[in-house]
Amino acid sequence: MADKYCPNDRVLWKIVPLDLHSGRCCVPKTVKYHTSTGSLVKWLYRAGIAAILYLVYRFLDRIKDRWYVFTPESLHELAQAAVRAHPGDIDAMIPYIVANLTAHYSPRTVALNADSSEWTFNNAGGAMGAMYIIHASITEYLIVFGTPLGTEGHAGVHTVDNYFNILVGEEWAFHPPSLQREVYKPGEVHHLPRGAVKQYKIHEYCFALEYSRGWIPPMLPFGFADMLTSTLDYGTFFRTARITAREMLRNLLVGKI
């Protein structure tokens, strides 16, 4: 057998000779022996790209605070003021909250969705409720979320700090090794730190002003997965995606990341 090396392909071909005694015309068999150089270069290239992306992420993660507009403290105070002004009346609390936000924040610095009729279902982590998106950008979101029926599920693992300001009803939460439930009532806030994991339950009836700060886009698969793989509610999926994309774009247009 003869070996032939092709410099252009960096491939070693081994050519099997024809059987001249059979009298048949056969196509010669060829076998490739790849050198490891090409694979090594590819892996080094991929590792370099991954390292660059990681360094960019670490840099942006250190400076993301400069893009925040809201603070957990001010939103908690607003939620408490809404509870005092309209105790137990979620229909009155929402216009109260939106009116205060639009009065305090300039549309030149942050875009807010004042259409409080724009509700959509949300299925995530096994729980189901409804939400009204007040604000959505790359680093922050602010919504009213809840249900009058009760629900429970996995809180998810997120790249944000989440603040769940109770307006009406109760939220329960659980995280081992503690075997006791956490209970959050109107005027209180449940803080879920970045990367933390909990089971949560909206007990019978609860609505909250929910604020997240950090990297919002990585949260979207968690928010959409149940609709795409379980409920198959594609109408709600497209409605939620449209509202979220619209609000993020509105904020980018005013320079809010």
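# Contacts, cores and helix pairs

Visitor: Leaving aside neighbours within four places in sequence, which residues is H158 in contact with?
Guide: The model is a predicted one. H158 sits in the loop between β7 (151–154) and β8. Setting aside its neighbours within four places in sequence, the contacts of H158 are R194, G195, M219 and F222.

Visitor: Is H158 buried or exposed?
Guide: A residue is buried when its relative accessible area is under 20%. The value for H158 is 10% relative accessibility, so H158 counts as buried.

Visitor: Which helix holds R239, and does R239 count as buried, exposed or partly exposed?
Guide: R239 belongs to helix α5, residues 234–253. Buried means under 20% and exposed over 50%, with partly exposed in between. R239 has 30% relative accessibility, and therefore it counts as partly exposed.

Visitor: What separation lies between the C-alpha atoms of R239 and W119?
Guide: Not counting residues up to four places away in sequence, R239 touches E118, W119 and T120. Along the chain, R239 and W119 are 120 residues apart. Their C-alpha atoms are separated by 9.6 Å.

Visitor: Which residues does T244 contact, leaving aside its neighbours within four places in sequence?
Guide: T244 is also placed in helix α5. With 10% relative accessibility, T244 is counted as buried, because the cut-off for buried is under 20%. Leaving aside neighbours within four places in sequence, its contacts are I133, A136 and L220.

Visitor: Which element gives the largest share of the largest nonpolar core?
Guide: This core has 25 residues, and F70, L101, I134, L167 and L209 touch the most other members. Elements that give two or more residues to this core are α2 (72–85), α3 (90–104), β5 (127–136), β6 (140–147), β8 (160–174) and β11 (199–214). The largest share, 6 residues, is that of α3.

Visitor: What word describes how α2 and α3 lie relative to each other?
Guide: Two packed helices are described by the angle between their axes and the distance between the axes. For α2 and α3 the angle is about 140°, with the axes 9 Å apart. An angle over 145 degrees would count as roughly antiparallel, and 65 to 115 as roughly perpendicular. The pair therefore counts as oblique.

Visitor: How many charged residues are in the contact of α2 with α3?
Guide: α2 passes α3 in a right-handed crossing. The contact is formed by L75, L78, A81, A82, V83 and A85 from α2, and by M93, Y96, I97, N100 and L101 from α3. By class, this contact has 10 nonpolar residues and 1 polar residue, and the charged count is none.

Visitor: What word describes how α4 and α5 lie relative to each other?
Guide: The axes of helix α4 (residues 220–231) and α5 come within 9 Å and cross at roughly 160°. Their crossing is left-handed. Angles over 145 degrees count as roughly antiparallel, so α4 and α5 are roughly antiparallel.

Visitor: How many polar residues does the contact of α4 with α5 have?
Guide: On the α4 side are L220, F224, M227 and L228, which meet Y234, T236, F237, T240, A241 and T244 in α5. By class, the contact has 7 nonpolar and no charged residues, and the polar count is 3.

Note on methods: Residues numbered from 1 in each chain as written. Predicted model: local features only at pLDDT ≥ 70, side-chain atom pairs only at ≥ 80, totals over all residues. Heavy atoms only, no water. Helix = DSSP H or I, 4+ residues; strand = E, 2+ residues; numbered from the N terminus. Buried < 20%, exposed > 50% of the residue type's maximum accessible area, 1.4 Å probe, protein only. Contact = heavy atoms within 4.5 Å. Core = buried A, V, L, I, M, F, W, Y, C linked by side-chain atoms within 4.5 Å. Axes fitted to C-alpha atoms, helices over the stretch in contact; angles between N-to-C directions. Parallel < 35°, antiparallel > 145°, perpendicular 65-115°, else oblique. Left-handed = near helix turned anticlockwise from the far one by under 90°. Nonpolar A, V, L, I, M, F, W, Y, C, P; charged D, E, K, R; others polar.
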